Amino acid sequence: MIGSKKNNALWISLFLLPSLMVFLVFIIYPVFYSLGVSFTDWDLINPMKFVGIKNYQSLVNDSTFWNSLKNTFLFIIGYLPSVMIIGLLVALLLNSKLCLKPVFRGVYFLPVVTSWVAVSLVWKWLFNPKYGLINYFLTMIGLHGPNWLNDPKTAMLAIIITSVWKDIGFIMVLYLGGLQNISVSLYEAADIDGADKWHQFWKITLPMLKQTTFFVSMISLINSFQVFDQVNIMTAGGPGDATTVLVQNIYNSAFKYSEMGYAAAMSWILFLIILVVSVVQMWGERKLTK
């Protein structure tokens with residue numbers, strides 16, 4: 001019996017070895033390598049020069065870094081509640097008695113599997129102040145549309161709208177799974193007691209979706225901190241630095257200004273922020289579920 005367990009463990013290890021090697025070489029090694037790079041001055045051409053914690057000290061007085069961090073939080077404040085609320089509403093709609101539900105589910109999920117490049121280019125055209133459909137429809141109701149992506153006041157809003165539109169389908173699927181795990185008997189009992197749909201939503205649906213909501217909020221928040229593709233394609237961080245988020249700043253430092261050590265330091269600050277937020281979220285979940 002013991003020998004059989006050892007043989008099974010050996011075969012399992014052999015089958016896992018290729019995946020483990022890929023994980024170590026392409027994930028673990030680059031992570032720790034970037035940590036070492038964050039303590040150096042390196043422009044990809046000249047040899048690395050060890051500078052200690054100079055890069056981290058420079059971040060404290062770097063207004064561009066703090067502005068990109070502020071823009072990241074502005075994006076999160078606009079994106080996170082919007083995508084969660086709209087995703088939940090769509091899930092509630094598609095979980096009801098609706099004709100052609102599979103078709104609607106596929107339509108809502110289609111943007112999720114579409115590349116960010118395609119989505120960003122389409123929405124960049126939609127936000128065009130002269131030829132875009134958004135301003136065209138606004139003029140039809142007597143409103144003058146703004147210069148969306150070229151105005152510091154509306155550029156981040158345009159990024160948020162695009163991001164919410166693309167991710168609604170993903171959030172919808174998660175909430176839909178949670179809704180379908182709620183026992184129908186709870187709603188039947190509520191009907192017998194005379195509870196209307198509104199009270200059923202607040203007293204049954206939302207409490208039963210607590211675990212799903214925590215998972216959705218954690219995944220969405222982590223993804224929000226890493227927002228980059230749509231920003232880089234639609235505004236490249238502009239106009240000015242109105243949409244320069246943290247990952248865009250890291251990209252600029254690394255590949256535009258060849259400051260690899262400085263970019264690595266910002267990457268680790270971003271990692272620590274995400275780590276702290278994730279730990280706080282998990283702690284809050286455990287407190288509320290006890």
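Biologist: How many helices and strands does the protein chain have?

Modeller: The model is predicted, and its secondary structure is assigned by runs of residues. Among the elements are helix 1, covering residues 2-37, and two strands at 40-41 and 49-50. The totals for the protein chain are 13 helices and 2 strands.

Biologist: What radius of gyration does the protein chain have, beside that of a compact globule of 290 residues?

Modeller: The C-alpha trace spans about 80 × 75 × 35 Å along its principal axes. A compact globule of 290 residues would have a radius of gyration near 19 Å. For the protein chain the value is 24 Å.

Biologist: What percentage of the accessible surface of the protein chain belongs to carbon and sulfur atoms?

Modeller: Of the 290 residues, 37% count as buried. The accessible surface comes to about 17700 Å². The part of that surface belonging to carbon and sulfur atoms is 70%.

Biologist: How far apart are the mean positions of the positive and negative charges of the protein chain?

Modeller: The protein chain carries 19 positive and 13 negative charges.

Biologist: Which residues does Phe225 contact, leaving aside its neighbours within four places in sequence?

Modeller: Across the protein chain, 66% of contacts between residues at least 6 apart in sequence join residues at least 24 apart. With neighbours within four places left aside, the contacts of Phe225 are Thr72, Phe73, Ile76, Val247, Leu270, Ile273, Ile274 and Val277.

Biologist: Is Tyr262 buried or exposed?

Modeller: Tyr262 lies in helix 13. Beyond residues up to four places away in sequence, Tyr262 touches Asn55, Ser58, Leu59, Asp62 and Ser253. Its relative accessible area is 12%, and the cut-off for burial is under 20%. Tyr262 is therefore buried.

Biologist: Which residues of helix 12 are buried?

Modeller: Helix 12 is mostly covered, as 8 of its 11 residues are buried. One of these is Ser253, which is also touched by Tyr262. The buried residues are Leu246, Val247, Gln248, Asn249, Ile250, Asn252, Ser253 and Ala254.

Biologist: Which contacts does Ser278 make, apart from neighbours within four places in sequence?

Modeller: Ser278 has its place in helix 13. With a relative accessible area of 11%, Ser278 is buried. Apart from those sequence neighbours, Ser278 is in contact with Met218 and Ile222.

Biologist: Where is the residue Pro239, whose peptide bond from Gly238 is cis?

Modeller: Most peptide bonds are trans. The bond from Gly238 to Pro239 is cis, with omega near -5 degrees. Pro239 lies in the loop between helix 11 and helix 12.

Biologist: What phi does Ala236 have?

Modeller: Most residues other than glycine have a negative phi. Ala236 is found in the loop between helix 11 and helix 12 and is partly exposed at 40% relative accessibility. Although Ala236 is not a glycine, its phi is positive, at about 55 degrees.

Biologist: How exposed is Leu44, in relative accessibility?

Modeller: Leu44 is placed in the loop between strand 1 and strand 2. Leu44 is not a glycine, yet it has a positive phi of about 75 degrees. Leu44 counts as partly exposed, because its relative accessibility is 45%.

Biologist: Which residues does Pro30 touch, not counting those up to four places away in sequence?

Modeller: Pro30 is found in helix 1. Its relative accessible area of 33% makes Pro30 partly exposed. Outside that sequence range, Pro30 touches Leu24 and Val25.

Conventions: Residues are numbered from 1 along each chain as its sequence is written. This is a predicted model: local features need pLDDT of at least 70, side-chain atom pairs count only at pLDDT 80 or more; totals for chains, interfaces and linings use all residues. Side-chain values use heavy atoms; hydrogens and water are left out. Helices (H or I, at least four residues) and strands (E, at least two) are DSSP runs, numbered from the N terminus. The radius of gyration is taken over C-alpha atoms; the globule rule is 2.2 Å times the number of residues to the power 0.38. Buried means under 20% relative accessible area, exposed over 50%, partly exposed in between (1.4 Å probe, protein chains only). Contact means heavy atoms within 4.5 Å. Accessible areas come from the Shrake-Rupley method with a 1.4 Å probe; for residues, only the protein chains shown count as cover. Lys and Arg count as positive and Asp and Glu as negative; His and the chain ends are not counted. The place of a charge is taken as NZ of Lys, CZ of Arg, CG of Asp or CD of Glu.
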